Amino acid sequence: MLLLQFSTSHYCRKARLALGYKGISYQVENLTPGLHTLKLKPLTGLTTVPVLLPQLEGQPQAIADSTRIFKYLEHHYPQPPLFLSDLQQQTQAALLEDWLDESIGTATRFIYYQFRSGEGKVIDPSLSSQLVIQVVRWQYQINSATVELAKTRLQTAFEVLAVWKHQPYLVGDQISIADLSAAALLSPLALIPEYREDYPWLFERIKEIHSLCQEPFPPGL
């Protein structure tokens, strides 16, 4: 099984957490942003990562998108489960995953790249790193105004996820796609001191989930 990814993508981290939680052996191929489209377009018709190649007879050639990867893994590798047996709880977990994907994951990206272009530049001041950061900022129109909107969205996320202060799971009594999504999509914030200081409970849970999924901690943890 092969995972096509960007090594720094928090959406690819989400897929790795699921593979690790299921105990599935896999390899990764790190693609070069920009050139990645030459490999992905013929496989999926899309240009986004992650893409999972099962490399098994009778199974799909390629599964694009972390949510579809979750569904594929749950269907073909049901144990241990990531989907909740209670339909209402599973619907709630799926709604949380979708919200985290579409709103919070993008907000994290905005704040992370704003940080890396400013005080976080010291993490890797190399020309190649800074060039990638500036390209991403241009591609997603990351600027002071959009970052302020992203901060507002993240504040809402912290309020919703505060359930982690009192219980280990966001929904139900077992880990779910909601927990893995939150742990992956907020992980880039671990490099930003103010978030680590203000939300220690969040990063403790992120670390616990990474340990459970046999995935190395995100940078900063």
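Q214 is not a glycine, yet its phi is positive, at about 55°, and with a relative accessibility of 64% Q214 counts as exposed (exposed is over 50% relative accessible area, buried is under 20%, and partly exposed is in between, with a 1.4 Å probe and protein chains only).

Before I go on, please keep in mind that this is a predicted model, in which local features need pLDDT of at least 70 and side-chain atom pairs count only at pLDDT 80 or more, while totals for chains, interfaces and linings use all residues. Residues are numbered from 1 along each chain as its sequence is written, and side-chain values use heavy atoms, with hydrogens and water left out.

Now the overall picture. The protein has nine helices and four strands, and from the N terminus they follow one another as β-α-β-α-β-β-α-α-α-α-α-α-α. The radius of gyration is 17 Å, which agrees with the value near 17 Å that a compact globule of 221 residues would have; this radius is taken over C-alpha atoms, and the globule rule is 2.2 Å times the number of residues to the power 0.38. Along the principal axes, the C-alpha trace spans about 45 × 45 × 25 Å, and buried residues make up 48% of the 221.

Strand 4 pairs with strand 3 (residues 51-53) in the antiparallel sense over two bridges, and here L52 stands opposite I63.

Turning to the helices, I would point you to helix 4 (residues 87-117) and helix 7 (residues 177-185), whose axes come within 8 Å and cross at roughly 10°; axes are lines fitted to C-alpha atoms, for helices over the stretch in contact, and angles run from 0 to 180 degrees between N-to-C directions. The two helices are therefore roughly parallel to each other (under 35 degrees is roughly parallel, over 145 roughly antiparallel, 65 to 115 roughly perpendicular, and the rest oblique). Their contact, meaning heavy atoms within 4.5 Å, includes A93, L100 and T108 of helix 4 and A178 and L185 of helix 7.

In the loop between helix 7 and helix 8 (193-198) we find P188. Is P188 buried or exposed? P188 is buried, with a relative accessible area of 15%, and, leaving aside residues up to four places away in sequence, P188 touches H10, T108 and Y112.

Finally, some backbone details. The peptide bond from V49 to P50 is cis, with omega near 5°, and P50 sits in the loop between helix 2 (36-44) and strand 3. Another cis peptide bond joins Q79 and P80, with omega about -10°, and P80 belongs to the loop between helix 3 (66-76) and helix 4.

Terms used
Pairing = 2+ DSSP bridges.
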